[in-house]
2 protein chains.
Amino acid sequence: MATLYHHWLSPAARFVRVLVMEKRLDVTLRLEKEWERRQAFLALNPAGEVPVLVMDDGSAYSGALAIAEYLEDTIAEPALMPENPDGRYEVRRLLGWFHTKLGTEVTRLIVSEKLFKRFLGMGEPDSDSVRCAAQNLKTHLRYIGHLASRRHYLAGPVFTMADAAAAAHISVADYFGDIAWDAWPDAKDWYMRVKSRRSIRALLADRIPGLVPPPHYGDPDF
Amino acid sequence: MATLYHHWLSPAARFVRVLVMEKRLDVTLRLEKEWERRQAFLALNPAGEVPVLVMDDGSAYSGALAIAEYLEDTIAEPALMPENPDGRYEVRRLLGWFHTKLGTEVTRLIVSEKLFKRFLGMGEPDSDSVRCAAQNLKTHLRYIGHLASRRHYLAGPVFTMADAAAAAHISVADYFGDIAWDAWPDAKDWYMRVKSRRSIRALLADRIPGLVPPPHYGDPDF
């Protein structure tokens, strides 16, 4: 069976977890604390980051977007991208938008300020960074709502990798109770649709030791 | 004719310039100072970043990796990725490596410290950041040399998008005279091969107003 090295707090690893479940690829999950920089893990991925997918034959795949495209190239069904070039472009544009822009402006700030500092005993979260992430998150929820209200899913009428990427990041922010969902009805409708999928529900069943998410976190009818 | 919005200092825009030349797509280059946040430009790309490729029919494409895949999907020849899934994976892994890792650890630091601060009158470069970028750059030159000495080009025996991405970033660092090439013979051999391409030579003919590159910058036999 394939092995997927992941961490609960890595949106990139969450994204690939969703994809392997959608593609029905059986994987054993293995928790990797990438900040410990374990030599055997660095041999699998010189970038030292999760996710890393190791197939049965021992070949290792790293880089969330490269893994995603590899899965799409090798496991045709179910397709997680449209067939036409413009549809594929839009999915990939949104992959970049969520992983890079939402990731830098929101998720990385939340995880480093609210979690790493606490677990590593580095003091209180920096309130400017937390406020900045909260402000940026509003812009992204507005954009998600804008896309979903016109298209049903983010890149079009069906679930694609773009939804998996957005859900991976949004679920991290939601774990920390950072989203006032009632203020974002269109984004909430989309997230309810997404949460009803088996792949996303599996993700939301995780609990980070010592940290309890808000009651609505795993509930599709929130 | 298509239009490509770019800026000299954006490695992402340099990358797409190389791809459109390799694919022989005629484009008019248009300089966009993305930090001015021009409304008409934001309408083309809500992320407000170059590169943006606007085709004859007015459709706009943004996000360097999304544009790259779109060009590969729509202009088959010359191929800038292998056909087999593992080869494609390796190109995409390296695209992530260069655009994200090398970009964050080296190019962004160099451009913001050495150029933006100067042009925007924000004082001297921060010496810690400059030293950090220089140290990181060595690791990346070692890795480029390691790949090139085994494969000829970075992802395999022929030129791919991975080479275009690395050259886009390396050319920015080289403009500022930050590379002591004689210390990196394998990386230098690769860069000489790459510099002999028409697509890269066109890039290296640019001059940033008020900033002269070192004499070897545009010379393939340096």
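Which residue forms a salt bridge with B:Glu90?

**Conventions.** This is a predicted model, in which local features need pLDDT of at least 70 and side-chain atom pairs count only at pLDDT 80 or more, while totals for chains, interfaces and linings use all residues. Residues are numbered from 1 along each chain as its sequence is written, chains are lettered from A and ligands numbered from 1 in the order in which they are written, and side-chain values use heavy atoms, with hydrogens and water left out.

View 1. Helices (H or I, at least four residues) and strands (E, at least two) are DSSP runs, numbered from the N terminus.

**View 2. The contact between chain A and chain B.** Chain A gives 20 residues to the contact and chain B gives 20 residues, contact meaning heavy atoms within 4.5 Å. The area buried between the two chains is about 1,800 Å², of which carbon and sulfur atoms give 61%; buried area is the accessible area (1.4 Å probe) that two parts lose on being put together, summed over both. Of the area that chain A buries against chain B, A:Asp73, A:Tyr89 and A:Arg92 supply 29%, more than any other three residues. Between the chains there are 10 residue pairs in polar contact, both residues being at pLDDT 80 or more; a polar contact is a pair of N or O atoms within 3.5 Å, where within protein one must be able to donate a hydrogen and the other to accept it, and residues adjacent in sequence count only if both atoms are side-chain atoms. On the side of chain A that touches chain B, two or more residues come from each of β4 (60-62), α3 (64-74) and α4 (85-119) of chain A, and the largest share, 8 residues, comes from α4(A).

View 3. B:Asp73 counts as partly exposed because its relative accessibility is 30%, whereas A:Arg92, at 7%, counts as buried; buried means under 20% relative accessible area, exposed over 50%, and partly exposed in between (1.4 Å probe, protein chains only). A network of salt bridges links A:Glu69, A:Asp73, A:Arg88, A:Arg92, B:Glu69, B:Asp73, B:Arg88 and B:Arg92.

**View 4. Helix α4 of chain B.** The partner of B:Glu90 is B:Arg93, with the closest N and O atoms of this salt bridge 2.8 Å apart. Both residues lie in helix α4 (residues 85-119) of chain B, 3 residues apart, about one turn of the helix, and both are buried. B:Arg92 also has its place in helix α4 of chain B and, at 6% relative accessibility, counts as buried. Not counting residues up to four places away in sequence, B:Arg92 touches A:Ala66, A:Glu69, A:Asp73, A:Arg92, B:Glu69 and B:Met81.

**View 5. Backbone details in the loops.** The peptide bond from B:Val50 to B:Pro51 is cis, with omega near 0°, and B:Pro51 sits in the loop between α2 (39-44) and β3 (52-54) of chain B. The bond from B:Glu77 to B:Pro78 is cis, with omega near -10°, and B:Pro78 is found in the loop between α3 and α4 of chain B. A:Arg24, a residue other than glycine, has a positive phi near 60° and is found in the loop between α1 (11-22) and β2 (27-31) of chain A; its relative accessibility of 64% is why A:Arg24 counts as exposed.

Definitions and conventions:
A salt bridge is a side-chain nitrogen of Lys or Arg within 4 Å of a carboxyl oxygen of Asp or Glu.
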